[in-house]
Amino acid sequence: MSAPTSPSPDLPEPGSLGESFDVYEVEATDDGARYYGELDGGREAVEQRLARRFRERGYRVRLARETGEHVLVATERSTAVEGVPWTNVALFVATLATTLFAGTGWYGYGLGTAPGRLLSAWPFAAAVLSVLAVHEFGHYLASRYHDVEASLPYFIPVPTALGTLGAVIRMRDHIPDREALFDIGVAGPLAGLVATVAVTAIGVSLPPIDVSGAGGLAYATQYELGYPPLIQAVAAVLGEPLRYGDPGLAVNPVLIGGWVGAFVTFLNLLPVGQLDGAHVSRALVGERVAALRYVLPLALFGLAAALLVFADGQAVGIWVLWGLLTLVLGRAGTATPLDDRPVDRRRQAVGALALVLGALCFTPVPIVVTL
């Protein structure tokens, strides 16, 4: 029986894949090939080892098990955006609609507002969407710089007081080294922080809104926001208040976009799972970051317990929820770069700065329901 051969000169020969994956059949596909073989070793370790060789030739790989056989699926890599990304566009339009609707609540227009009033909530929608978009495009541009396949942002619409649960990008590729992992992970929070500071500065500089005639319809009368040190510092530098003595006045809803940016930055910098903080920490300290999957949930549950005792239970639900989420996210593990050599001192300094800035986005009671 003759040995299988590669269906394309660009792909590695089956015999060159080593003893860890003994190939007995190769099948050509439209954008690559499928290698069928016997696996000798852990799936993740073998996939990581083979991914280096395929990446050099312009392919990404994944190991799967189908109908009892181990299959190495090689797909041609491409960082280009092909055609119109209709799913991304549809989700963005839907999120624009839900944030406009949420904005009517912050302006106190009420649920039955006319379409024209709905559109007049555009400053709130623009503030929220801009900080999320800048954050995600920071990741996307860093991915393109390091030749890593990533999707455009997917916005998540949801009919809440904010109108969205944020945005995400999908990483479809192996990360080549720790430097790329660090740059991609840190680019989003740093870009988002720039947008957060800018939106906060605009928000506190705009005049407050009058919600005295809105009754219980205005979100400003239903929720009280806790402002983290970063937002307090921006307001202090500009000499603008974050609260007003007149109960009929509320901060301009554009400021809510800055609050969203700070809160999202803090949550994303938690060092667990596939969050940005896990990528940054994994690049800085290596596999030791795995220990945090046990420490972080305990810290969040401890924070919830402290709030229950000392703050009348304010925001307890938020941190219990995130404690549970970090337990789930921790089980998935974080990204493992193909080249595990340490990053340079410059990146170590930037990483430390990012984590400090993330801490400035933390407040133990981010939001309280006042009704």
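Q: What does R60 form a salt bridge with?
A: In this predicted model, R60 forms a salt bridge with E149, and the closest N and O atoms are 2.4 Å apart; the term stands for a side-chain nitrogen of Lys or Arg within 4 Å of a carboxyl oxygen of Asp or Glu.
A: As for conventions, residues are numbered from 1 along each chain as its sequence is written, and side-chain values use heavy atoms, with hydrogens and water left out. Since the model is predicted, local features need pLDDT of at least 70 and side-chain atom pairs count only at pLDDT 80 or more, while totals for chains, interfaces and linings use all residues.

Q: OK, and which domains does the chain have?
A: The assignment, which is an automatic or database one, gives domain 1 (14-76) and domain 2 (86-369), and their centres, taken over C-alpha atoms, are separated by 38 Å. Seven residues from domain 1 and eleven residues from domain 2 make the contact, meaning heavy atoms within 4.5 Å.

Q: How much area do domain 1 and domain 2 bury between them?
A: About 800 Å², with 41% of it on carbon and sulfur atoms; this is the accessible area (1.4 Å probe) that two parts lose on being put together, summed over both. On the domain 1 side, Q48, R55 and R60 lose the most area to domain 2, together 74% of what that side buries.

Q: How many salt bridges are there between domain 1 and domain 2?
A: The count between these domains is two.

Q: Which element gives the most to the domain 1 side?
A: That is α1, with five residues, where helices (H or I, at least four residues) and strands (E, at least two) are DSSP runs numbered from the N terminus.

Q: Switching topic, what does R178 form a salt bridge with?
A: R178 pairs with D340, the closest N and O atoms being 3.0 Å apart. This pair links distant parts of the chain, 162 residues apart, with R178 in helix α5 (residues 178-205) and D340 in the loop between α10 (316-332) and α11 (345-360).
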